[in-house]
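Dear colleague,

I am passing on the structure below, followed by notes on what turned up in it. Please read the notes with the coordinates open beside you.

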Amino acid sequence: MRIATALFALALAATACGGEGAQEAATQTVDFWYYQPTPDQAVKVKQLAKDFESANPGIKIKLTEVPKDDYNTKLATALNGSGAPDAGYLDQPQMARFAGGGQLAEVPAGTTDEADYYPGALGTNKVAGKLMGIPLQQTTVVLFYNKQYVQTPPTTWDELIAASEKVHREHPNVAGVSLPKGDGFGAWIFSAFVASAGGTMVDETAKKITFNDPQGQEALGLWRTLLTSSPRKITNTDQAFQKGLAAMTFSGPWDVLGIREQFPQLKFGVSLLPKKLEEASTIGGDNGVVFSKADNPDAAWKWLKFLSSAEHNAQYADITGNFPVNKKAAATSTLAGDPDMKIVIQQLESARPRPALTEWIKVNDDVLAKAIEDGVDGDTSPADALNAAATRAAKVLGWS
């Protein structure tokens, strides 16, 4: 009897040990890579991860901080070898590259409601019609204006031209607009004006370049017209708008904070980009993706859904410094109470994603940038500059 009792006790102990092991095995760790934050941001993100873990027993979030400048290189190395993360950030221009390489998992049906997000933000996650990620935090471009020279911000292209000409006519040493240049940043902004004219950059289905259509020519023509009242000899000065040398400029919320801190004497305002036919801007920022090598993809999607939810997306965006992409969350963001930042949130409603094509970065930075240089500052007409760019872009994309 004593032997039987002892054996029964041993069996219970073994079962208990087995239960502990099973519980431990059931714990899933999600290795999440994101840009290295400031110490204060790191503390807040860690708390957010703890909140998630409390709400999701059995899931542990491992936060891996990677310097932003090294992020894409380190990520590509990890995905091609060992030590790949489960989930992480991915900038929109990288979505097509990593998806095309089979390194991203498609968002499972039912994971999230697409209607919760701004269309442009959601669109940055779509590659070949498939949803390959969830938007986390984005930003966009708006119009900045110096209240000393522009009391009522222009809302249309015609008003923009008139305001620019008036400023430069009355103040010859001040440019109407600090226009974008022929570089990657300028090309990114150019797409917003094409969209405002009712145009597109490409037709992915037909594999056809469309930025040289009449709408694109109108957009580049607008910049060329503005150049007359916005001489480069004035705006080539570093921070021309901030120094009061240009009455208007196209930029993002980073300059709202920068001007307030570094140029507190500048009385400026922010408004939506002037439109031709439609409200439009460009968009940029970070998406959350799950990698195809993820050990715990289901847990990883839960984490990304948590970060992009109506309950937590504003909190996360406020921590990292960008803007919420969840419509309901945007209304609760601390930024919504700032009159300038509120305009940025409003502009996000009409922001458009860039084409989700593997080589689009090259098209943007090399081909379109050159078209702006030639068609705005050079002797080439906007139509000729864009037609030549379309031919080069088709070759880069393998469409010719």
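Ser178 sits in strand S8 (residues 175–178), where strands (E, at least two residues) and helices (H or I, at least four) are DSSP runs numbered from the N terminus. The model is a predicted one, in which local features need pLDDT of at least 70 and side-chain atom pairs count only at pLDDT 80 or more, while totals for chains, interfaces and linings use all residues. Residues are numbered from 1 along each chain as its sequence is written, and side-chain values use heavy atoms, with hydrogens and water left out.

With a relative accessible area of 16%, Ser178 is buried, a word that here means under 20% relative accessible area, as against over 50% for exposed and in between for partly exposed (1.4 Å probe, protein chains only). Once neighbours within four places in sequence are set aside, Ser178 is in contact with Thr235, Ala240, Ala246, Met248, Thr249 and Phe250, contact being heavy atoms within 4.5 Å.

Leu90, which belongs to strand S3 (residues 87–91), is buried at a relative accessible area of 0%. Not counting residues up to four places away in sequence, Leu90 touches Leu75, Met95, Phe98, Leu104, Gly285, Asp286, Asn287 and Val289. The C-alpha atoms of Leu90 and Trp33 are separated by 9.5 Å, although the two residues are 57 apart along the chain.

Trp33 is also one of the members of an aromatic cluster, which includes Tyr34, Tyr89 and Trp303. Over the whole structure, the search finds 18 aromatic pairs; rings of Phe, Tyr and Trp (its six-membered ring) pair if their centres lie within 6.5 Å, and planes under 30 degrees apart count as stacked, over 60 as edge-to-face and the rest as tilted. Phe144 and Phe241 form an edge-to-face pair, at 6.2 Å centre to centre and 80° between the planes. Because Phe144 lies in strand S7 and Phe241 in the loop between helix H9 (232–235) and S11, this pair ties together parts that are 97 residues apart in sequence. Phe144 is buried at 0% relative accessibility, and Phe241 is buried at 2%.

Phe185 and Trp254 are likewise edge-to-face, at 6.3 Å centre to centre and 70° between the planes, and they link helix H7 (residues 184–196) with helix H10, 69 residues apart. Phe185 is partly exposed at 37%, as is Trp254 at 38%.

In helix H10 (residues 253–262), the buried residues are Pro253, Asp255, Val256, Gly258 and Ile259, and they pack against strands S6 (134–140), S7 (142–146), S11 (246–251) and S12 (268–271) and against helix H14 (339–348).
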